[in-house]
Amino acid sequence: MSTSTPTSVATSEAKGLRRPEIWRWRIVDIVVASVIGVAAGLIFLAWNVGYLGPAALLEPLLPGVQGLLDGPWLFAGVLGGLIIRKAGAAIYTEVLAAVVSALVGNQWGGFLTIEAGLVQGLGAELIFLLFFYKRWSLPVAALAGAGAALAGGINNLILWYAGSGPTFTVVYLISAVISGAIIAGILSWVLARGIAATGALDRFGSGREARVRV
């Protein structure tokens, strides 16, 4: 009978980062990731306006709870990572979505929109990296959404809510993480599975995995 030590398990997982397939992007990977990014950017544009009503209702109730509205700006990176399953996919799709939003125009300015996309995408990417780009389960997706929210929330606190008190900071970050985990994480996982079930992603590991389950 063979046993594995924590060190051997960690070494085995780390070797997963040397798998060529997670670093080599195919043309189809770039095309599909770009489609995801552009489509998400259009959703961002709609939410740039759509969030104003809910925000006006939430902010007077409890300062900071408007973080619950951050999720729709965070899903691009998680969805891209879940579908493409390549290193850098989360950053690429989230940044591209931010670029689309910035080019069309919004109330936050072009550079800061793209910077926010980079930070949010990095938050999701680090979660996928933490699992060595080998696990794509619902809990991992939720963590990726939460990671994007936490990174984006800290960035927003620095740029837009500088000088906020501890109560606002805690409420905002908790609200943002909840929104990120549910909207950007869980809903993206459900959406990725739904798309894969149609056969549209058969050239991807995410699609083949879904077809095997069926």
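**Entry 1: isoleucine 83**

I started with isoleucine 83 and found its place in helix α4; helices here are DSSP runs (H or I, at least four residues), strands are runs of E of at least two, and both are numbered from the N terminus. The model is predicted, so I kept in mind that local features need pLDDT of at least 70, that side-chain atom pairs count only at pLDDT 80 or more, and that totals for chains, interfaces and linings use all residues. Residues are numbered from 1 along each chain as its sequence is written, and side-chain values use heavy atoms, with hydrogens and water left out.

Is isoleucine 83 buried or exposed? I noted a relative accessible area of 3%, so isoleucine 83 is buried; buried means under 20% relative accessible area, exposed over 50%, and partly exposed in between (1.4 Å probe, protein chains only).

Next I looked up what isoleucine 83 touches, not counting residues up to four places away in sequence. I wrote down Val32, Ile36, Ala192, Ile195, Leu201, Phe204 and Ser206, where contact means heavy atoms within 4.5 Å. I also checked leucine 191: it is 108 residues from isoleucine 83 along the chain, yet their C-alpha atoms are separated by 9.8 Å.

**Entry 2: helix α5**

I moved on to α5, residues 89-104, which has 16 residues. From first C-alpha to last it reaches 23 Å, close to the 22 Å expected at 1.5 Å a residue; that expected span is 1.5 Å times one less than the number of residues.

Which residues of α5 are buried? I listed Ala89, Ala90, Thr93, Glu94, Val95, Ala97, Ala98, Val100, Ser101 and Ala102. Their cover includes α2 (27-50), α4 (75-84) and α6 (110-130). After α5 comes glycine 105, and I noted its positive phi, near 110°.

**Entry 3: the whole chain**

I counted nine helices and zero strands. What does the chain look like in overall extent? Its C-alpha trace spans about 60 × 40 × 30 Å along the principal axes.

Buried residues make up 46% of the 214. Among contacts with a separation of 6 or more, 73% are between residues 24 or more positions apart.
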